[in-house]
Amino acid sequence: MWGFYFTELMHSLPFFLKGLWMTVAVSGLSLIVGTIIGFIWGIMRASGNKILRSIIGAWVDLIRGTPFLVQVFIIFFILPSAGIELEAFPAAVIALTNLAACFICEIVAGGILAVPSGQREAATASGLSAYQQLRYIVLPQAMRTIMPPLVGQYVLLVKDSSVVSAIGVVDITRVGWLTVQRIPEGLMVFGLVGILYFVICYPLINLSNLLERRMTVVSTRL
Amino acid sequence: MLETFNFRVILEYMPLYLQCFAATLWLSALSLLGAILVGIIACAMRLSQSRIISRIAGVYIESIRSTPLLAQLYFFYFGLPSLGLMLPEWVTGIIALTLNSGAYYAEIIRAGIQAIPYGQIEAGIASGLSYFQRMRYIILPQALGMTIRPMLGQAIVLVKDSSLLSLISIAELTRAGQLLTSDRFMPAEGFLTTAVFYLIIYYMLKGFSSWSEKRLIFREAH
């Protein structure tokens, strides 16, 4: 029986690859847009503007304090009652982009604030504009603190993307859920699902570890 | 949307919400205890002299960290019955949450232990303390103190992760929102109320985290 189910599962492999592609599409799109928004919010959060800082801080707290599944449901079920009809895919991308932006915002703000204030003062004394300071002095140094946790965050977000299967986005997890109705071998089906996620996440985890080692070596050499 | 926000329905469903709130609390608390226990054991194995034991713990930690919780939850939910193990849903849910967070706790505790200077462990050996005595009196008290903040952070993650248990039809907070949505078709009332309950837990844990940090610094200063 086991062998039979295994051949069945191998026959539905193209279906799983489609799911893999959907996971890559949802998380890739959200990560790119989320990183851009996250950097903008992070720079604002580390800026001197108190109102801006507390608005972003409160929003980030709301998002970090509630489960991603609830956020997905809110966007998918509540926005239509406000007159905005959304398909599952854009709803998933919006939810994941917002989540990514919130977590990346905190990482970026932390990195910027870790740059010694003397650097900024020296830049001001040299007559650099606010943009020049950010572009040439603060961000290049902050990147060293930002990069390792940023890649680590990407892994968490790719994994979080599995949650959007709950609103019917046919990603790897959803494919597994659909397949297990037909092939009742949960260990085998979700073992395959796990392997596919592993294929995406494991290189990213290693990259994060590598960056962590690299960046610390650089800073101890200084 | 807001002008039609129906507070009466929320009041009507409040008993259900409170019951589900309690369920989220005890499911998370049980999983948290289990996860810390699993984390300590997995970490001890990871740092063991024996290559094989260390490797086993490594495989466990890496495979949990590179796959999503939802896939793990389905793995147990659909997989255990095909092994002939018929467990109630909540047991499956706790197993998945415990094993998932256990891997993260193993890494958090490992970081704490490895931050302890090796000289202290050597001093312990030289004083004739056994392995368990060194763990109990030298390593763990310091490691737990140093890791209290990431440990509470993971506890917050665990509480939010418990929302996924609604997808295997366990009656907890997110499920309460789903029930209100499907009974009355009021997703705004349903899921925003759910979100508020999660935020209560989040702000309490966050407050406890900053309080404990102040206390620890206070104790170190003496």
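User: How many residues of chain A are in contact with chain B, and how many of chain B with chain A?

Analyst: In this predicted model, 38 residues of chain A are in contact with 33 residues of chain B, where contact means heavy atoms within 4.5 Å. As a predicted model, it has local features reported only at pLDDT of at least 70 and side-chain atom pairs only at pLDDT 80 or more, while totals for chains, interfaces and linings use all residues. Residues are numbered from 1 along each chain as its sequence is written, chains are lettered from A and ligands numbered from 1 in the order in which they are written, and side-chain values use heavy atoms, with hydrogens and water left out.

User: What is the area buried between chain A and chain B, and what does that area stand for?

Analyst: The area buried between chain A and chain B is about 3,100 Å², and carbon and sulfur atoms give 75% of that area. Buried area is the accessible area (1.4 Å probe) that two parts lose on being put together, summed over both, so the value covers the loss on chain A and chain B together.

User: What makes the pair B:Lys206 and A:Asp61 a salt bridge?

Analyst: A salt bridge requires a side-chain nitrogen of Lys or Arg within 4 Å of a carboxyl oxygen of Asp or Glu. The side chains of B:Lys206 and A:Asp61 meet at 2.9 Å, N to O, and the count between chain A and chain B is 1 salt bridge. As background, side chains of opposite charge can pair when their charged atoms come close.

User: Which elements of chain A give two or more residues to the side that touches chain B?

Analyst: Those elements are α3 (50–65), α4 (68–81), α7 (130–160), α8 (172–182) and α9 (186–221) of chain A, and α9(A) gives the most, with 11 residues. Helices are DSSP runs of H or I with at least four residues, strands are runs of E with at least two, and both are numbered from the N terminus. By that rule the secondary structure of chain A comes to 9 helices and 0 strands, and that of chain B likewise comes to 9 helices and 0 strands.

User: Why is A:Thr66 called buried?

Analyst: Buried means under 20% relative accessible area, exposed means over 50%, and partly exposed lies in between (1.4 Å probe, protein chains only). At 8% relative accessibility, A:Thr66 therefore counts as buried. The residue sits in the loop between α3 and α4 of chain A, and its contacts, not counting residues up to four places away in sequence, are with A:Gln71, B:Lys160, B:Ala195, B:Tyr198 and B:Leu199.

User: How do you know that the side chain of A:Thr66 makes a polar contact with the side chain of A:Gln71?

Analyst: A polar contact is a pair of N or O atoms within 3.5 Å; within protein, one must be able to donate a hydrogen and the other to accept it, and residues adjacent in sequence count only if both atoms are side-chain atoms. The two side chains make such a contact at 3.1 Å.

User: Why can the salt bridge of A:Arg182 and A:Glu8 be said to tie together separate parts of chain A?

Analyst: The closest N and O atoms of A:Arg182 and A:Glu8 are 3.5 Å apart. A:Arg182 lies in helix α8 of chain A and A:Glu8 in helix α1 of chain A, so the pair ties together parts that are 174 residues apart in sequence. A:Arg182 is partly exposed at a relative accessible area of 48%, and A:Glu8 is partly exposed at 26%.

User: What makes B:Arg184 and B:Glu12 a salt bridge, and which helices hold them?

Analyst: The side chains of B:Arg184 and B:Glu12 meet at 2.4 Å, N to O, in a salt bridge. B:Arg184 belongs to helix α8 (residues 173–184) of chain B and B:Glu12 to helix α1 (residues 7–46) of chain B, so the pair ties together parts that are 172 residues apart in sequence. With a relative accessible area of 36%, B:Arg184 is partly exposed, and B:Glu12 counts as partly exposed at 46%.
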